[in-house]
Amino acid sequence: MEILSKIYGMTAIDNLTCYPSYLVMIALAFVLLYLGIKKGFEPLLLIPIAFGVLIANFPGGEMGVLAVNGVGEIFRISNEALQNGLGDGFQTVTLVNGVEASQASSNFIQVGQLFYDPSIEGNEILKNVDLVSQIKVYDIWAMPLHDIAHEFGIMNYIYYALIKSGLLPPIIFMGVGALTDFGPMLRNLKLAIFGAGAQFGIFAVLIVASQCGFDMKEAGSLAIIGGADGPTAIFTTLKLAPHMLGPIAIAAYSYMALVPVIIPLVVKLTCSKEELSINMKEQDKLYPSKTEFKNMQALKILFPITVTTIVAIIVPDAISLIGMLMFGNLIKEIGNSTSRLFQTASNGIMNTATIFLGLSVGATMTVDAFLNLKTIGIVAGGFCAFGLSIFGGICLAKIYNLFAKKKINPLIGATGLSAVPMASRVANDIALKYDPKNHVLNYCMSSNVAGVIGSAVAAGILISFLG
Amino acid sequence: MNSLSILASATANAQEFEGLSGALLLMAIGMVTVFIVLLLVIYVGNALIMFVNKFVPEETKEAPKASFASVQSVDAVTANVIAQAVNTLTGGKGKVESIKKI
């Protein structure tokens, strides 16, 4: 009987039944997996994230990325302290690794895994209280990586080594650059301006978030979700509000994966059938371009070098993203002599980075980190930022159409959002529904690629002014 | 330190970008900067196109022709398309020797 009890204790069943919030997260993981596998919503991204959510939310598994406070501290409580209680003003919450403790009340402030009541004297600085011997404080930024792996599990190691260090976002940008063709943008250069209109959501949500209890750095990190660019969102949050990285990364990547749902929704609410039926090829025939291209290959080689130089001069804080994006593109365009680098950047490195990023971002979505009001605020704010960015691009296209002879399909404005090339594919599908001959993919790619540059520049601005 | 950083630190010192006015100011600066950068990309892109058209005219490369004998299974156009695809994928190192329908 004792053996059976031990076997039962070994399983996660007890903790799962005691704390149904874990089941909520597991159900969420199943929904995300369903969307990725069955519905095909960006499976390369959504499936690793969803699986990361799943494995992070089994008590005892130690696969969840631990939430840290604003200064990077993680607290663990001794068994003695748990049994005897922590005294007035302190309550503990369930730890990711399954330590049982009481739930925190809503008027307590979270510090790592502990909640404390700031109204009680002496609680302002946790380390000064007598409980220090019973509470182990880990300074995550001062810990060697092998200690992180040993103390908190392999997923925390991956997260802190690759994401919190800021390594993966520029690496992924390099891969994105290697997979991006600037040809459509160069052929329709004027359309690149719609990549600016679609950054409206970033700054609009910055204003709203700053009035809703977020400080300016947190508001900036939340707002950058509107750039629809996961690596950019991670990079900016690392610089401005690293303690919010988990929920922001989750929101940014979830919405990127849900672009096939969000763009049609905003387009349906804001565009008429006539606007969506504007046929870009017919417009081209009516108002043909005078630009001729004698040597597209040379142009494609010179373009990334030039853009890098311009951005580096104007917004140097954006150069780690734009520079890597353009480097990836350059090794693609040079051709034979750098084809090995291109193959590695676009396949091996990109795929490896996507796997680690997806899994570890998913693993940040634990009960502690996700099921609280601030995270829900971030998720809601992120959705607004995303939607407003699409709306901003559409509005710019509509304003343009008021004054220009050559009309622009507002879908091209909508794709000023980043999320390359998914946003363009979705926009093309919408256009084909209204006119089976209206292929807008190449036109959308112009504003879409410009959106990547635009969101990186917006991130650079936020980092410059708020960082 | 570049001019934007100087402006950033100066303005940050003055207003610290707190509150509604700070957020509105940041929105104005951010949107204007993004528009300026993308306008520059457009104008410089156009300048690049003119530069390339004038000074780096395209070298006429002969398209690789299907240099294999057993092309009876496909027509000449298809054979050339396959040869070009192989040429692109292998960086000019690959050579099509035969095409078989399977």
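Student: Gly454(A): buried or exposed?

Tutor: Gly454(A) is buried, at a relative accessible area of 0%. That value comes from a predicted model.

Student: Which helix is Gly454(A) found in?

Tutor: Helix α25 of chain A, residues 441-466.

Student: And what does Gly454(A) touch, leaving out residues up to four places away in sequence?

Tutor: Gly195(A) and Gln199(A) in chain A, plus Val34(B) and Leu38(B) in chain B.

Student: How far is Gly454(A) from Phe194(A), in sequence and in space?

Tutor: They are 260 residues apart in sequence, and their C-alpha atoms are 9.4 Å apart.

Student: Switching to α15(A). Which of its residues are buried?

Tutor: Val259(A), Ile262(A), Ile263(A), Val266(A) and Val267(A) are buried. These residues cover an arc of only 125° around the axis, so they lie on the same side of α15(A).

Student: What is on the other side of α15(A)?

Tutor: Lys268(A) and Leu269(A), which are exposed there.

Student: Which elements do the buried residues of α15(A) pack against?

Tutor: Five helices of chain A: α14 (245-257), α16 (273-276), α22 (373-403), α23 (410-414) and α24 (422-434).

Student: What span should α15 of chain A have, and what do its end C-alpha atoms give?

Tutor: Helix α15 of chain A runs over residues 259-270, which is twelve residues, so at 1.5 Å a residue it should span 16 Å. Its end C-alpha atoms are 16 Å apart, in agreement with that.

Student: Salt bridges next. How many over all chains?

Tutor: A search of the whole structure finds four. One of them joins the side chains of Asp181(A) and Lys300(A), at 3.0 Å from N to O. This pair links distant parts of the chain, 119 residues apart: Asp181(A) is in the loop between α8 (168-179) and α9 (183-187), and Lys300(A) is in helix α18 (residues 296-314), each in chain A.

Student: What does Asp284(A) form a salt bridge with?

Tutor: Lys406(A), with the closest N and O atoms 2.7 Å apart. This pair also links distant parts of chain A, 122 residues apart, with Asp284(A) in helix α17 (residues 280-286) and Lys406(A) in the loop between α22 and α23. Asp284(A) is partly exposed at 24% relative accessible area, and Lys406(A) is partly exposed at 23%.

Student: Where does α22 come up again?

Tutor: In the packing of α15(A): α22 and α23 are among the helices that its buried residues pack against.

Student: What about Glu333(A) and Lys332(A)?

Tutor: Their side chains meet in a salt bridge, 3.1 Å from N to O. Glu333(A) counts as buried, at 9% relative accessibility, while Lys332(A) counts as partly exposed, at 23%.

Student: Why can such side chains pair at all?

Tutor: Because opposite charges can pair when the charged atoms come close.

Student: Last topic, the surface. Which residues form a nonpolar patch?

Tutor: Met1(A), Ile3(A), Leu4(A), Ile7(A) and Met10(A), with about 650 Å² of accessible area together.

Student: Where is Met1(A), and is it buried or exposed?

Tutor: Met1(A) is in the segment before α1 (2-10) of chain A. It is exposed, with a relative accessible area of 83%.

Terms used. Residues are numbered from 1 along each chain as its sequence is written. Chains are lettered from A and ligands numbered from 1 in the order in which they are written. This is a predicted model: local features need pLDDT of at least 70, side-chain atom pairs count only at pLDDT 80 or more; totals for chains, interfaces and linings use all residues. Side-chain values use heavy atoms; hydrogens and water are left out. Helices (H or I, at least four residues) and strands (E, at least two) are DSSP runs, numbered from the N terminus. The expected span of a helix is 1.5 Å times one less than its number of residues. Buried means under 20% relative accessible area, exposed over 50%, partly exposed in between (1.4 Å probe, protein chains only). The arc is that of the directions from the helix axis to the C-beta atoms. Contact means heavy atoms within 4.5 Å. Patches are made of residues with over 30% relative accessible area and no salt bridge: like charges are joined within 9 Å, nonpolar side chains (Val, Leu, Ile, Met, Phe, Trp, Tyr) within 5 Å. Accessible areas come from the Shrake-Rupley method with a 1.4 Å probe; for residues, only the protein chains shown count as cover.
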